[in-house]
Amino acid sequence: MTRTDGPPPATSATVPRSEAGPAKITVLGAGSWGTTFAKVLADAAADAGAERTVCLWGRSPEAMATLSREHRNERYVPGVDLPEGLEYSSDLPAALEGAGLVVAAIPAQSLRAQLTVAAPHLDPDAVVLSLAKGLESTTGLRMTEVIAQVLGAHAAGSQEEWAGRTCVLSGPNLAMEIAREEPTASVVAAPEHGTAAWVALCCAAPYFRPYTNADVVGTEIGGLVKNVIALCVGICDGRGYGDNSKASVMTRGLAETTRLALALGGDLTTLSGLSGMGDLVATCSSSLSRNRTAGRLLGAGLTLAQVQDAMTQTAEGITSAPAVLTLAQRHGVDMPITDAVVSVLRDGAPVDELAPKLLGRDLKSEGNTA
């Protein structure tokens, strides 16, 4: 059974790096989640009394200069003061120099290209933490798989070595709530607990509680499929359906997410935890959710092109949904909600046909294996 309790003590046998944590952490991506997580890391270091540099990297020199001057990212996390000690850079090699932990806060469909550029500048022993929640649309790979593949090809070290040092953080991670320091718990998953614990210690801020597990697959699947389920909940919202409909979609959505995770080797307990049910509830219930917002606009009658034009930030479920369905079909997993969402996104099916698609199935017993 996968453990999801608090971070176990790291030992030199399991974590061949300083138990005090890295001297420098670099966050790649200065959007809402990247900026917020950089704040979490800086606050965690201050709370622990650690002498640690936290650097936030973004592509725009102008934007990063503004952040450095104003200690605010008004575009993505308005009204939030960022820690004075947080550093900002648009110089990728300089930002990555000496970073023992590199955090990838880059949208799923942009990760491969950006990481290919960054790879030669990573420390050969660095640990990588993925914050993205999606499948790569062209390959169907999870983000940790993309990271290991790219770094194995373009950085020092083999793909297998990078896979062993690549982690994922997932859970109810609505960026604005965390930026406002509202209490939040999440999960750091790594191939072995020592690495997950080492990363968790780096982001344990007074308002941010990281748990750990060794189920990378289940943690990632929970985080990415919930975006698709949130699109469906949003469509229900846009159609004016009530709480019964939305609760039904969320519950059955968790069931099909669990089926896929188990088929890929994930642990059942992971999907009942923060990165499964916890993330699903937050994403499907909050007005801050990009995917629920995108679904609501679709349900209200906007075309997919109009929704994408209206969205100021990426709704990962739109691009990940077809890849999720393909992955499920490859493994013989029944995912009717995902199938219905894809029919709207890819085939242009009218949203008023969604209910029959969801309910017009053979009667059967409830359960994750049903």
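Predicted model: local features only at pLDDT ≥ 70, side-chain atom pairs only at ≥ 80, totals over all residues.

Student: Let us begin with helix pairs. At what angle do the axes of α9 and α10 cross?

Tutor: One reads the distance between the axes together with the angle between their directions. For α9 and α10, the axes come within 9 Å and cross at roughly 155°. Angles over 145 degrees count as roughly antiparallel, so α9 is roughly antiparallel to α10. The crossing of these two helices is right-handed.

Student: Which residues make that contact?

Tutor: From α9 come V217, G218, I221, G222, V225, I229, C232, V233, C236 and D237. From α10 come K246, V249, M250, G253, E256, T257, L260 and A261. Sorted by class, the residues in the contact of α9 with α10 are 11 nonpolar, 4 polar and 3 charged.

Student: How is the pair α9 and α13 arranged?

Tutor: The axes of α9, residues 216-238, and α13, residues 290-299, come within 6 Å, with a crossing of roughly 40°. This makes α9 oblique to α13. The handedness of the crossing is right-handed. On the α9 side the contact involves N227, A230, L231, G234, I235, D237 and G238, and on the α13 side N291, R292, A294, G295, R296, L298 and G299. The class count for this contact is 5 nonpolar, 6 polar and 3 charged residues.

Student: At what angle do α4 and α5 cross?

Tutor: Helix α4 (residues 111-118) and helix α5 (residues 143-154) cross at roughly 30°, and their axes come within 9 Å. Their crossing is right-handed. Helix α4 contributes L111, R112, L115 and T116, while α5 contributes M143, V146, I147, Q149, V150, L151 and H154. By class, the contact of α4 with α5 holds 7 nonpolar, 3 polar and 1 charged residues.

Student: Is L101 buried or exposed, and what does it touch?

Tutor: L101 belongs to strand β4, residues 101-104. L101 is buried, having a relative accessible area of 0%. Leaving aside neighbours within four places in sequence, L101 is in contact with P22, K24, I25, T26, V127, L129, W198, V199 and C202. A separate reading concerns sequence against space: L101 and A126 are 25 residues apart in sequence, yet 5.5 Å apart from C-alpha to C-alpha.

Student: Where is T258, and what lies by its side chain?

Tutor: T258 is in helix α10, residues 243-263. With a relative accessible area of 2%, T258 is buried. A polar atom of the T258 side chain lies 2.8 Å from the backbone oxygen of L254.

Student: Where do H71 and E181 lie?

Tutor: H71 is in the loop between α2 (61-70) and β3 (87-89), whereas E181 is in the loop between α7 (175-179) and β7 (184-189). At 17% relative accessibility, H71 counts as buried. E181, at 41%, counts as partly exposed.

Student: What surrounds H71?

Tutor: Not counting residues up to four places away in sequence, H71 touches T66, V80, D81, L82, P83, E84 and Y88. With one of these, E84, the H71 side chain makes a polar contact, side chain to side chain, at 3.4 Å.

Note on methods. Residues numbered from 1 in each chain as written. Heavy atoms only, no water. Axes fitted to C-alpha atoms, helices over the stretch in contact; angles between N-to-C directions. Helix = DSSP H or I, 4+ residues; strand = E, 2+ residues; numbered from the N terminus. Parallel < 35°, antiparallel > 145°, perpendicular 65-115°, else oblique. Left-handed = near helix turned anticlockwise from the far one by under 90°. Contact = heavy atoms within 4.5 Å. Nonpolar A, V, L, I, M, F, W, Y, C, P; charged D, E, K, R; others polar. Buried < 20%, exposed > 50% of the residue type's maximum accessible area, 1.4 Å probe, protein only. Polar contact = N/O pair within 3.5 Å; in protein donor to acceptor, adjacent residues only side chain to side chain.
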